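The points are grouped by topic.

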Amino acid sequence: MKILKKAIIVMMVICMSVTMFPVSDGYGTQTVQAASKVKLNKAKATLVPGQKLKLKISGTKTKAKWSSSKKSVATVDSKGQITAKKKGNCYIVAKIGKKQYKCKVTVVNLSAFTLNKKSLSLEENDGYQLKIKYKPSNVKISSKDVKWSSSDDDIAGVDEEGYVYGYTEGTATITAKIGNKKTKCKVTVKPAVIDVDSIDISDSTLEMTVGEEKQLYVTIHPDNATEQNIIWSSSNDKIVSVDKNGLVKAVSEGTADIIATVDGIAAKCKVKIKKTYTTGDNVSASDIVYISDRSVEYNSVCKEYRVFFSLKLSDGNTRVATSGNTQIKIKNNKNQVVYTQNVKFSQRDFGYWTSQKWGERYLCCIHIPINDIKNGATRNGILDFTVYIGRDSWNGEKHSVNNLPVGYDSTVNAEPESQEKYNENFDKIVSYVKKNGTFSTYGSYCTYGYLSVSMSGDKIEIFENYNGKGNKVTLTRGSKTAIAVIKGMATAEFDISTFKGDATDMLQWSDDPSLDVQFVYDTAIANILKNVSKNDNFYMGGYCLQNIGFISYIY
């Protein structure tokens, strides 16, 4: 028994001396562990032809020498990577020193190999992960074991794990191959979808008459949105209809919405359909949009002045009747007001009249008997009228009259001149010129097509040219007397408050020209002043000559 105990103790000491022993490093002792066991990471593996598997050996730093027992079945490289070749069995051997470590490799053929998609649709810049499907199931294959390729990398590409990228519009085929098995997926790449953010309709409201047509348009934001198809509809086709191109047609009186829809986003136009009127119909004040055909004529048979005008609907053509009143004033050339009245009119004052200026038209005629006009100092003057309908008013313009009654009337006095107002408005024009400096603008009556204005002290100079040269008219603050200069030589003074603006003004020129030359001179001055009257397009900061008491009439 004692002998047995001694033997056990000796064996334990030997074992401890093998697994752990002290080593002196000069400072103390360290305990050193025994070396790990050398082994392969796999003892067996099942592969398919073409599949690769990396073997690793652990427990040693010594480089292993790798070999295959049957290279026709599977090969192995110097780093331990196996490549399966064909169906069969073999051993992959790692040799370290005299020791060999083996992995049994079984190579089997796939009975089925497919992808989860036979065809695929992508947008540009979009992607999709293809997945492999195979049999038998005891084989472990990943996407990395497969060789992936594309028939056209510019259209669709694929990475080493089967992730497909769509690049540009077109069609490409993605192929997955492992060993002698391969499968394909047809990929169609479409342009990227750009969503519609919003849409605008050309008119948010419309007013139409029955039978009228109007075109609506839609603007899509962004303009390169994928969906460009516009769907048009009406909330009530019995009132207003719309075709596939946005053409709106008024069907009957009432109100309805026209809706445009793009990619689920809608915009509306509210349409109000009015009753259809024809010339001569009596309408409400709100239907009147235009005044036209304004003229004043003297009828020697009836001994009366007739004030003509027509009222039109929104179409600009249909002349209709309604009720309202006109404010009429007649002032002769001596500044005497000989007639002023507020005259009411109604449907019975409208009819087909033949005027000297317009011929036969449907007009309103206001009669002013000559006996209702007071006697004055001269037969010539200006009739000015304004038409009031509902809350709106229209300027009837100024019209020359030349058959005013002449004689003494104690009730007739000259309309008082407002010199203060005249000077105030004159100063506004001067201030505008000072602020903007000497300037020029287009004037349709000018010989050279331009007009220039400058000022100095209390004078304004208006030139019939763009460069402050040539024919001109000079106006002075506080004076209604204007000075005209032609070609820098001939001059004429005239009362600009009674100036009519045509050759009949017959200015008194300093060089006493012939009648032909006189006409040329007078016309040139008239053309200059026409461009700064209310009847044309040139305004000095919103003020023109008629605002400040200049020019009683422009022909």
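**Backbone geometry and surface charge**

Asp263 is partly exposed, its relative accessible area being 45%. The model is predicted. Asp263 also has a positive phi of about 55°, although it is not a glycine, and it belongs to a patch of negative charge on the surface.

- Most residues other than glycine have a negative phi, and most peptide bonds are trans.
- Asp263 is placed in the loop that runs between strand E28 (254–262) and strand E29 (265–274).
- Asp512, likewise not a glycine, has a positive phi of about 50°.
- The loop between strand E44 (490–495) and helix H3 (515–530) holds Asp512.
- Asp512 is classed as exposed because its relative accessible area of 65% lies over the 50% cut-off.

**Cis peptide bonds**

- Lys135 and Pro136 are joined by a cis peptide bond with an omega of about 5°.
- Pro136 is situated in the loop between strand E15 (132–135) and strand E16 (147–150).
- A cis peptide bond also links His221 to Pro222, where omega is about -5°.
- Pro222 lies in the loop connecting strand E24 (218–221) and strand E25 (231–234).

**Negative surface patch**

- The patch of negative charge on the surface is formed by Glu123, Asp126, Asp195, Asp197, Glu227 and Asp263.
- Within this group, Asp195 is found in the loop between strand E20 (181–190) and strand E21 (198–201).

Terms used
Residues are numbered from 1 along each chain as its sequence is written. This is a predicted model: local features need pLDDT of at least 70, side-chain atom pairs count only at pLDDT 80 or more; totals for chains, interfaces and linings use all residues. Side-chain values use heavy atoms; hydrogens and water are left out. Patches are made of residues with over 30% relative accessible area and no salt bridge: like charges are joined within 9 Å, nonpolar side chains (Val, Leu, Ile, Met, Phe, Trp, Tyr) within 5 Å. Accessible areas come from the Shrake-Rupley method with a 1.4 Å probe; for residues, only the protein chains shown count as cover. A salt bridge is a side-chain nitrogen of Lys or Arg within 4 Å of a carboxyl oxygen of Asp or Glu. Lys and Arg count as positive and Asp and Glu as negative; His and the chain ends are not counted. The place of a charge is taken as NZ of Lys, CZ of Arg, CG of Asp or CD of Glu. Helices (H or I, at least four residues) and strands (E, at least two) are DSSP runs, numbered from the N terminus. Buried means under 20% relative accessible area, exposed over 50%, partly exposed in between (1.4 Å probe, protein chains only).
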